[in-house]
Amino acid sequence: MRNHRQTAGTAIILRMTHPENNQKYKGLSVTKGIDQPPIVNPYRKANVIKKDYSVSEYVEGILNGNRVMLSQAVTLVDSARPDHQQKAQQIIEKCLPYAGKSIRVGITGVPGAGKSTSIEAFGMQWIRSGKKLAVLAIDPSSERSKGSILGDKTRMEELSVQDNAFIRPSPSAGSLGGVARKTRETIVLCEAAGFDTIFVETVGVGQSETAVHSMVDFFLLIQITGGGDELQGIKRGIMEMADGIVINKADGDNVEKAKVTQTQYRNALRLFPAHESGWSPQVLTYSGKTGFGVNEVLEMIYKYISETKANNYFRHKRNIQAKYWMYETINEQLRNRFYQNKEIETLIRTKEAQVLDEEISPFTAAHSLLDHYFNSEDILK
Ligand code: GDP
């Protein structure tokens with residue numbers, strides 16, 4: 001299959017040579033469209049461990065709010081090296097008693113919806129009210145391309161220089177589940193370092209919203225007004241997850257259109273079953289650029305948090321999430337250890353060949369590999 005991440009240049013050539021654009025073809029014509037910027041951020045830098053510290057030095061640094069230590073501990077969480085992973089787990093374990101006290105907000109929206117502009121606007125307002133904000137990201141593009149759609153440091157310029165803000169790009173490698181787990185662990189470290197608000201940003205494509213939803217208290221969906229058919233493009237599952245839908249870019253000529261979109265969403269939400277939390281998701285308009293309506297968005301989040309704390313749903317949801325992460329981590333570790341087992345690596349190729357030659361069924365092959373692994377010494381380690 002063709003790599004769909006072709007560059008803008010290739011895309012243009014493809015469009016120009018498209019058979020339907022041949023003069024002789026009288027049917028549909030394919031418009032040239034506009035050039036798109038590369039989807040992957042070329043400026044992303046890898047994080048490196050500059051000086052290594054002991055676990056207790058890291059923990060002390062984090063608890064004292066030392067950002068360099070925090071940043072480096074997050075790099076350990078992100079690292080694929082087993083010794084880094086082990087150290088990261090020890091740090092997380094020691095930080096856990098100091099974590100859990102923040103408000104966690106998930107923010108999603110398609111590229112161009114204005115996530116980074118909005119996070120900057122929300123974040124600056126949040127910080128002005130005396131809060132400490134960490135902005136983390138889950139970027140599904142990192143899995144295949146090692147690139148980043150989200151979370152790089154060149155965005156949110158005003159926020160990124162604030163003492164009370166900590167902005168961290170998405171963990172860079174591994175499956176979406178692995179990337180999400182690392183972000184979940186980073187939340188613990190940020191909370192222990194005194195950040196009382198955590199934003200977890202993700203791009204509105206694929207499964208990443210589900211991952212973010214499983215680690216936040218409030219899930220915010222950023223939408224923009226378009227040609228009137230906005231609701232058609234949005235997946236039902238995402239609407240169901242949202243505690244708030246906010247229509248961005250309500251400025252200039254767009255104000256009225258944003259109101260129409262707001263009504264459409266409000267009507268659509270009436271068809272959804274009531275939330276278990278007792279909360280009715282709200283639909284607001286705002287502008288990340290001018291600041292119009294930003295306060296109302298933040299007030300909505302505060303209101304949700306205070307209502308769900310009062311009716312105990314807040315704690316209930318966090319418990320469900322903790323259970324979810326326990327099982328997710330078991331699944332991930334089982335999978336990793338199985339596939340990284342040296343004997344399995346060799347045996348799996350033999351079994352695969354036998355399956356392809358129809359010597360054994362895929363189920364027999366899978367069972368014999370699993371039996372082999374569970375009888376191996378690896379699981380005793
Ligand atoms: P992201 O890809 O979702 O992070 O979106 P960005 O924050 O990078 O914004 C995408 C584009 O929309 C940029 O050109 C922004 O300047 C523009 N934009 C973002 N928010 C607003 C807004 O409130 N009003 C207007 N008019 N433009 C906006």
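Select R318. It is buried, with a relative accessible area of 7%. Buried means under 20% relative accessible area, exposed means over 50%, and partly exposed lies in between, with a 1.4 Å probe and protein chains only as cover.

Before moving on, two notes on the model. This is a predicted model, in which local features need pLDDT of at least 70 and side-chain atom pairs count only at pLDDT 80 or more, while totals for chains, interfaces and linings use all residues. Residues are numbered from 1 along each chain as its sequence is written, and side-chain values use heavy atoms, with hydrogens and water left out.

**Stop 1: around R318**

Stay on R318 and show its helix, α13, residues 313-340. Helices (H or I, at least four residues) and strands (E, at least two) are DSSP runs, numbered from the N terminus.

Which residues does R318 contact, leaving aside its neighbours within four places in sequence? Select G100, K101, S102, R104 and D217. Contact here means heavy atoms within 4.5 Å.

**Stop 2: the ligand**

The shell holds 15 residues, and the closest are G112, K115, T117, K249 and D251. Color the shell by type: three residues are nonpolar, seven polar and five charged. In this scheme Ala, Val, Leu, Ile, Met, Phe, Trp, Tyr, Cys and Pro are nonpolar, Asp, Glu, Lys and Arg are charged, and the others, Gly among them, are polar. Highlight helix α5, residues 115-128. It gives the most to the shell, with three residues.

- N248 to a ligand oxygen: 3.0 Å.
- K249 to a ligand oxygen: 2.8 Å.
- D251 to a ligand nitrogen: 2.6 Å.

Alone, the ligand exposes 580 Å², and the protein buries 70% of that. Accessible areas come from the Shrake-Rupley method with a 1.4 Å probe; for residues, only the protein chains shown count as cover.

**Stop 3**

Keep K249 selected. This residue sits in the loop between β6 (244-248) and α11 (254-270). Check its backbone: phi is positive, about 65°, although K249 is not a glycine. Is K249 buried, partly exposed or exposed? At 32% relative accessibility, K249 counts as partly exposed.

Move to G112, in the loop between β1 (103-109) and α5. The C-alpha atoms of G112 and Q223 are separated by 9.6 Å, with the two residues 111 apart along the chain.

**Stop 4: helix α3**

Select residues 67-78. This is α3: twelve residues, reaching 16 Å from first C-alpha to last, close to the 16 Å expected at 1.5 Å a residue. The expected span is 1.5 Å times one less than the number of residues. At the start of α3, a side-chain oxygen of N66 comes within 2.9 Å of the backbone nitrogen of V68.

Why is α3 largely enclosed by the rest of the structure? Nine of its twelve residues are buried, so the helix has the rest of the structure around it. Pick out M69, L70, Q72, A73, V74, T75, L76, V77 and D78. Now show their partners: the buried residues of α3 pack against α2 (55-63), α4 (82-95), β3 (165-167) and α8 (176-192).

**Stop 5**

Select residues 342-356. The 15 residues of α14 should span 21 Å at 1.5 Å a residue, and the end C-alpha atoms are 22 Å apart, which agrees. At the start of α14, a side-chain oxygen of N341 reaches to within 3.0 Å of the backbone nitrogen of E343.

Go on to E358, in the loop between α14 and α15 (362-374). E358 is not a glycine, yet its phi is positive, about 60°. At 71% relative accessibility, E358 counts as exposed.

**Last stop: the whole chain**

Zoom out. The chain has 15 helices and seven strands. Of its 381 residues, 44% count as buried. Among contacts with a separation of 6 or more, 73% join residues 24 or more positions apart. The accessible surface comes to about 20,700 Å², and 55% of it belongs to carbon and sulfur atoms.

Conventions:
A residue is near a molecule or strand if one of its heavy atoms lies within 4 Å of it. A polar contact is a pair of N or O atoms within 3.5 Å; within protein, one must be able to donate a hydrogen and the other to accept it, and residues adjacent in sequence count only if both atoms are side-chain atoms.
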